[in-house]
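Biologist: I would like to go through the aromatic contacts and one of the sheets in this model. Please show it first.

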Amino acid sequence: MGSMMADFDLNLVRTFVLLYETRSVTATAESMHVTQPTISYSLQKLRRRFDDELFRRAKGGLEPTTTARELYEPLREALASIDSTVSGTVSFDPATAHTTFTLCLSDLGELSLLPLLMAALPTRAPGVTLTVRPLDVVNAADQLGRGEIDAFIASPLLDSPRIARIPLFAEGYVGMVADNHPRLRGGAISMADLAAERHIAVFGPTGHDGPRKALAAHGLLDRVALEVTRFAALPYLVQRGDLVAMVPRNAAEVFAGTHPVRLVELPLDIEPAQVSIYTRHAHARSPGQRWLVEFMHELLAAPRD
């Protein structure tokens, strides 16, 4: 790879890596601050250099060939090494910057994580504002590549070479019931009582499938009386009845502070959710995006108060 980089235009390497990650000539041109014809011309040079088509047009954007897939990782690593060496020449000053970052968060992220970020912004980066969009796990990687969002926080473990994963914390679960539940008392629930009660399950691409799997493992799926798509609905559904919900602990503590609900320890072993920041690889991040990721990691990574 060293000899290849020695006689290879660095801009061509960057073009190839960004095309692979964004799957878009338009997004690559915007990232490199050049025109689309410039990217198309560079792609032609890359094709001649490697004697391969590299990318084909497909319904979801550019589809890399086998050769492109083999080239991506070594070229990305080489580019990241170079960029890390020179990154200090361009900086982002949060104290004076005036910019907006776009994040994707789930309803849980908006409830338990976003307040921590917003509380710190006025003193850390007074000119920075945030736009938050609903988390679309299926398309979030493409949104990152196209530059539509700067980062997203999710619990599903996404394994894509096109995006970087930065772990934040593992989050366990707690039971949530109405404060005046007609049968359940105290701060814990037994397995027998859990099996006798009716449950709410959250169903969807949120990554929080641990509770449902635990119920299934104990043959209790028939005790699920209601399935919903968002955790934010749970306190409203629990507070006036006898349903039991299994909720990520951070969000549950928020709910307990704002609704007449009570948290109870569960008798099940539930696999914790692995919450992470997902963003573009370091070589493709702007100075502002590098600051944003560091800012979020500092505030949100375990241990947190």
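Biologist: Are Tyr20 and Tyr72 buried or exposed?

Modeller: This is a predicted model. A residue counts as buried when its relative accessible area is under 20%. For Tyr20 and Tyr72, the state of both is buried.

Biologist: How many aromatic pairs are there, and what is the arrangement of the rings of Tyr20 and Tyr72?

Modeller: With ring centres required to lie within 6.5 Å, the count is eight aromatic pairs. In the pair Tyr20 and Tyr72 the centres are 4.1 Å apart and the planes make 10°. Planes under 30 degrees apart count as stacked, so the arrangement of Tyr20 and Tyr72 is stacked.

Biologist: How many residues apart are Tyr20 and Tyr72?

Modeller: Tyr20 belongs to helix H2 (residues 10-22), and Tyr72 to helix H5 (residues 66-86).

Biologist: Which residues form one aromatic cluster with Tyr20, and which residue has its charged end over the ring of Tyr20?

Modeller: The cluster consists of Phe16, Tyr20, Phe55 and Tyr72. The charged end over the ring of Tyr20 sits 4.9 Å from the ring centre and belongs to Arg23.

Biologist: Which strands hold Phe152 and Tyr278, and how are their rings arranged?

Modeller: Phe152 is in strand S5 (residues 151-154) and Tyr278 in strand S12 (residues 273-279), so the pair ties together parts 126 residues apart in sequence. Both Phe152 and Tyr278 are buried. Their ring centres are 5.0 Å apart with the planes at 15°, so the arrangement is stacked.

Biologist: In what order do the five strands of the open sheet lie, and which are the edge strands?

Modeller: The pairing in this sheet is mixed, and the order is S9-S8-S10-S7-S11. An edge strand here pairs on one side only, which applies to strand S9 (224-228) and strand S11 (261-264).

Biologist: Which residue in S11 is the bridge partner of Val177?

Modeller: Strand S7 (residues 173-178) and S11 run antiparallel and are joined by four bridges. The partner of Val177 in S11 is Arg262.

Biologist: Which helix packs on the sheet, and what angle does its direction make with that of S10?

Modeller: The helix is H12 (residues 249-258), which touches S7, strand S10 (244-248) and S11. Between the direction of H12 and that of S10 the angle is about 120°.

Technical notes: Residues are numbered from 1 along each chain as its sequence is written. This is a predicted model: local features need pLDDT of at least 70, side-chain atom pairs count only at pLDDT 80 or more; totals for chains, interfaces and linings use all residues. Side-chain values use heavy atoms; hydrogens and water are left out. Rings of Phe, Tyr and Trp (its six-membered ring) pair if their centres lie within 6.5 Å; planes under 30 degrees apart count as stacked, over 60 as edge-to-face and the rest as tilted. Helices (H or I, at least four residues) and strands (E, at least two) are DSSP runs, numbered from the N terminus. Buried means under 20% relative accessible area, exposed over 50%, partly exposed in between (1.4 Å probe, protein chains only). A charge sits over a ring if NZ of Lys or CZ of Arg is within 6 Å of the ring centre and within 35 degrees of the ring normal. Two strands pair if DSSP finds at least two bridges between them. Contact means heavy atoms within 4.5 Å. Axes are lines fitted to C-alpha atoms, for helices over the stretch in contact, and angles run from 0 to 180 degrees between N-to-C directions.
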